[in-house]
Structures are given as C-alpha cells and as structure tokens.
Amino acid sequence: MQLETSFAYIDENYRRIVYEIEEAKAKYRKPDDEVTLMAVTKTVSPENVNHAIGCGISVLGENRVQEYLSKKEFYLPQAQVHFIGHLQTNKVKYIIEDMKLIHSVDSVKLAAEIDRHAARAKKKQDILIEVNIGGEASKSGVQPSELEHLLEEISKMPHIQVKGLMTIPPATGNEKFFAQMQAIFLDISAKNMDNIDMEILSMGMSGDYATAIRYGSTLVRIGTALFGARNYQ
Ligand SMILES: *Cc1c(COP(=O)(O)O)cnc(C)c1O
C-alpha cells in the first residue's frame, strides 16, 4: 500500500488545497460557482480515506474495481463514491449499485452495458463522458470529433443520464487542453441536446487543479496532493 502518512499531514494538505481552490475561484470564477474536491483513493488505506472524510471530503474517486471492493466495507458511509478509472464492460455489475457517478464512459458498448445493469439495479445511472482531449493513443476517452455522435446514442438509453464531461489532459501543456475542454463543454451546453445535462466538468488533478478551475472545472480529482506519493501508479 501507501508510504506512511500521518493524519496531521492529511489535515495540512486538505487545508492548503481548500485554500488554493478558494483562491482560484476568487480570481477566475463567479462568486457562487461551486467546485467539488474529490479525494482519489487509489493505494490509500481506508483509515486515511476516512480521515479525509472527517476533514470535510464528501466525494471519493475510485479507479480499480478490485481495490474498491476490498476497501468499501471499511469506508465511512457519508461520502459519495464515483468511479473514475477505465471500466471494463465485464466489471460494471460489481460497482453499479454503489456509484453515484461514473466519470469514464467513452463508448456506446460500455454505455449499453451500464444501461443494462442500471435497469437491473432499478436505478438511473449518472455518467460523464471521458474526452481524450490530447488525442493520445495511450489514453482512454472519446475523440472530440466523435463526442456529439456518442452523446446522441447515449441520450436514447433509458437508464443512463449524462451529467457532463471528464478529461485527463496530456501531462505537459495542459492549459491549452483545459481551454479546449471548456470550449467543448460550453458548445455542447448551448446545443441543449435532449436528455443531456452539462452540469459537471471533471478536470484537474494534484498538479494542475488551479488551472483547471480557471477554465471552468466543477470537480477536481486529487490524490497525491492530499495523501502523498503513491508507491504504485
Ligand atoms: C490517479 C488519478 C487522479 C489523481 O491524480 P493525482 O495526480 O495523484 O492527484 C485523478 N484522476 C484520475 C482518473 C486518476 O486516475
């Protein structure tokens, strides 16, 4: 698991991140805009995750189905859980009941599987579409040019509600990519597509969340800056 982390270290990180989020909002955003701080839990012990919930974290981000299943029973129940990792179609059934939001939908095939399992679980599943804004072969996500077509297909699925977009931009030059994501998000919002809500723009991680907030992020996903370095990726 993780390199040893003290609760005091998490406290201090939490306060700094909240301060920097507020600072970026004050500089770049409207006063009543909300930006959610998600704690990304990969490799982090449930004790440390629960400590972060005690600090005020209300949303957890899970990457790996197996790791989530081994830790979920130890989590305090008051935080929402979101799935943010690459999701294989054959794993949807293990997480569908627990997830408030799935950030990483990038194909009709995955959406159809989520729709099918959501129907069985008698829920309407909120999702985001992951956009591969840098066009990187190594990354998941739909190409920007395919986004509208994917939204049209998913909007017909009765047990799915699209709530917005998510991205993981290339490691360098991310300001340009955040600006492009904001433009796409606003463009899709303005189209008022049937059954498509554009409320959530999930972008920004430990190294770039202030920049992401500048370009309209409504949810930042923070691991390292809150819990410290991971010893596997
Ligand atoms: C790991 C991860 C994060 C958090 O990354 P940090 O740089 O540690 O903050 C955010 N989003 C996704 C999808 C991740 O896999």
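How does the lining of the second largest pocket divide by class into nonpolar, polar and charged residues? The lining has four nonpolar, four polar and four charged residues. Here Ala, Val, Leu, Ile, Met, Phe, Trp, Tyr, Cys and Pro count as nonpolar, Asp, Glu, Lys and Arg as charged, and the others, Gly among them, as polar.

The model is predicted: local features need pLDDT of at least 70, side-chain atom pairs count only at pLDDT 80 or more, and totals for chains, interfaces and linings use all residues. Residues are numbered from 1 along each chain as its sequence is written, and side-chain values use heavy atoms, with hydrogens and water left out.

The second largest pocket has a volume of about 190 Å³. A pocket is an open set of points on a 1 Å grid over the protein atoms alone, where a 1.4 Å probe fits, with protein on both sides within 12 Å along at least five of seven lines; lining residues have an atom within 4 Å of a point. Points are joined across faces, edges and corners, and the volume is the space filled by probe spheres set on them. The lining includes Thr36, His82, Lys100, Asp126 and Glu199. Strands S3 (80-83) and S7 (196-202) each supply at least two lining residues. Strands are DSSP runs of E, at least two residues; helices are runs of H or I, at least four; both are numbered from the N terminus.

Valine 81 is found in S3. Its relative accessible area is 9%, so valine 81 is buried. The cut-offs are under 20% for buried, over 50% for exposed and in between for partly exposed (1.4 Å probe, protein chains only).

For lysine 122, phi is about 55 degrees. Lysine 122 lies between helix H5 (108-120) and strand S5 (125-131) and counts as exposed, at 76% relative accessibility. For asparagine 195, phi is about 65 degrees. Asparagine 195 lies between helix H7 (174-191) and S7 and is partly exposed, at 48%.

The residues surrounding the ligand include Val40, Asn63, Met205 and Thr224; each has a heavy atom within 4 Å of the ligand. This shell divides into five nonpolar, four polar and three charged residues. Polar contacts are pairs of N or O atoms within 3.5 Å. A polar side-chain atom of lysine 42 lies 2.7 Å from a ligand oxygen. For arginine 230, the corresponding side-chain distance is 2.8 Å. A polar backbone atom of glycine 223 is 2.8 Å from an oxygen atom of the ligand. Taken alone, the ligand exposes 380 Å², of which the protein buries 88% (Shrake-Rupley method, 1.4 Å probe).

Definitions and conventions: A polar contact is a pair of N or O atoms within 3.5 Å; within protein, one must be able to donate a hydrogen and the other to accept it, and residues adjacent in sequence count only if both atoms are side-chain atoms.
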